[in-house]
Amino acid sequence: MKYIQDIIIRPLITEQSMDMIADKKYTFEVAKDATKADIAAAVEAMFPGTAVKAVNTMNMKAKTKRVRYIAGKTASWKKAIVTLTDDSKTIEFFEGMN
């Protein structure tokens with residue numbers, strides 16, 4: 001059994017993700033092995049009063065980075081966009097950031 005703290009790693013705060021809050025869409029970095037059902041259950045458990053309508057996930061590929069002559073790669077990760085229902089309560093964490 002996975003803990004909800006292991007599924008949702010952190011919220012993603014970008015300009016695009018802040019614009020999507022008006023449509024009740026919230027963006028999170030999640031564990032690479034987390035399923036859509038796991039993510040929906042974790043959001044509903046972590047933020048009481050929310051009801052998840054849909055979860056869209058995407059795997060973000062590693063990018064090549066260079067420091068002088070040494071090349072390396074950043075870590076690959078998974079992003080989830082969680083859409084809440086219209087009658088659902090909003091997530092308070094994101095409210096002060098708009």
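This is a short chat about a predicted model.

Reader: Before we start, what kind of model is this, and how are residues numbered?
Author: It's a predicted model, where local features need pLDDT of at least 70, side-chain atom pairs count only at pLDDT 80 or more, and totals for chains, interfaces and linings use all residues. Residues are numbered from 1 along each chain as its sequence is written, and side-chain values use heavy atoms, leaving out hydrogens and water.

Reader: How many bridges join β3 and β6?
Author: Eight, in the antiparallel sense. T57 stands opposite A80 in β6.

Reader: New topic: where's K2, and what is it in contact with?
Author: K2 lies in the segment before α1 (4-7). Leaving aside neighbours within four places in sequence, K2 is in contact (heavy atoms within 4.5 Å) with I7, D33, A34 and D38.

Reader: Why does K2 count as partly exposed?
Author: Because its relative accessible area is 36%. Buried means under 20%, exposed over 50%, and partly exposed in between, using a 1.4 Å probe and protein chains only.

Reader: And where does I13 sit?
Author: I13 is in the loop between β1 (8-11) and α2 (15-19). I13 is partly exposed too, because its relative accessibility is 44%.

Conventions:
Helices (H or I, at least four residues) and strands (E, at least two) are DSSP runs, numbered from the N terminus. Two strands pair if DSSP finds at least two bridges between them.
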